[in-house]
Amino acid sequence: MFGRTKTEIPTPEAALPGRTEAWFPIPERHLVLDAPVRTDEVPDGLEVAVFGLGCFWGAEEIYWGKPGVWSTSVGYAGGSTPHPSYEEVCSGMTGHTEAVRVVFDPDVISYADLVKTFFEVHDPTQGMRQGNDVGTQYRSALYTLGEEQRATAIELTRVYGEELARRGLGEITTEIRPADTYYYAEPVHQQYLARNPNGYRCHANTGVPFPSNA
């Protein structure tokens, strides 16, 4: 039963009930980028992307180091439980991924470039896991904002999938769906690796670079 719960997304009816509102304060400033952590509203000219690629500590660190990224945060996306806790997400009973929210300047770095990084720094073929991390919260996911992002996500998934197939590797299992909800994670998880530089990172990946002609 434990294994089944951890690797199967619960229906909305079976998911934990969660809460009606956030139950902890979000840090005001990003420890690395000195921008707001809460980015429900973003400055004119900036855009938002949401990714699920395994443990969100390491995912956030990768993206905050990209030129053109203005802010990052970690949270929970793609599930049913409103305002979940980390422990609830790890139980497999919320349906959420561990996600990273990236606010970026498209004049400096494109959404397509962020997606290419996404594919290169994790393994999108592993289903409900990344490396030794097993559970629905570790699944690969592209949560899109708008039709343009969705079209880009679908096309680049196709391109990378063909490259993996050419090399005899597995099929992509990445979930592509609208970014309907995003719940900020607890303060201890925000920029975790900035405060704990020797902390855990899961960088399972295929080792396959994104095709340079795409």
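A crossover is termed right-handed if, with the strands pointing away from the viewer, the path from the first strand over the helix to the second runs clockwise. In the predicted model described here, local features need pLDDT of at least 70 and side-chain atom pairs count only at pLDDT 80 or more, whereas totals for chains, interfaces and linings use all residues. Residues are numbered from 1 along each chain as its sequence is written, and side-chain values use heavy atoms, with hydrogens and water left out.

A right-handed β-α-β unit is formed by strand 6, helix 5 (residues 147–166) and strand 7; helices (H or I, at least four residues) and strands (E, at least two) are DSSP runs, numbered from the N terminus. Strand 6 (residues 140–144) runs parallel to strand 7 (residues 175–178), and four bridges join the two; strands are taken to pair if DSSP finds at least two bridges between them. Within this pairing, Arg177 of strand 7 lies opposite Tyr143. Strand 6 is also joined by four bridges to strand 1 (residues 47–53), here in antiparallel orientation. Ser140 of strand 6 is the bridge partner of Leu53.

Five of the five residues of strand 6 are buried, where buried means under 20% relative accessible area, exposed over 50% and partly exposed in between (1.4 Å probe, protein chains only). In a regular strand the side chains alternate between the two faces of the sheet. Both faces of strand 6 are covered, with Ser140, Leu142 and Thr144 buried on one side and Ala141 and Tyr143 on the other.

In strand 1, Phe51 counts as buried because its relative accessibility is 0%. Contacts of Phe51, not counting residues up to four places away in sequence, include Ala141 and Leu142, as well as Tyr111, Leu114, Val115 and Phe118; contact means heavy atoms within 4.5 Å. Phe51 also touches Val100, and the C-alpha atoms of these two residues, 49 residues apart along the chain, are separated by 5.4 Å. The buried residues of helix 4 (residues 111–121) include Tyr111, Leu114, Val115, Thr117 and Phe118. Strand 1, helix 2, strand 2 (69–77), strand 3 (97–104), strand 6 and helix 5 are the elements against which the buried residues of helix 4 pack.

A search of the whole structure finds one cavity of 30 Å³ or more. A cavity is a set of points on a 1 Å grid over the protein atoms alone where a 1.4 Å probe fits but cannot get out, and lining residues have an atom within 4 Å of a point. Grid points are joined across faces, edges and corners, and a volume is the space filled by probe spheres set on the points. The largest cavity has a volume of about 40 Å³ and is lined by Leu53, Cys55, Gly58, Ala59, Ile62, Val121, Cys202 and His203. Helix 2 (residues 56–64) gives the most to this lining, with three residues. Ile62 lies in helix 2 and is buried, with a relative accessible area of 19%. Thr117, Val121 and His203 are touched by Ile62, not counting residues up to four places away in sequence.

Notes
1 Å grid on protein atoms, 1.4 Å probe; cavity = no way out; pocket = protein on both sides within 12 Å on 5 of 7 lines; lining within 4 Å.
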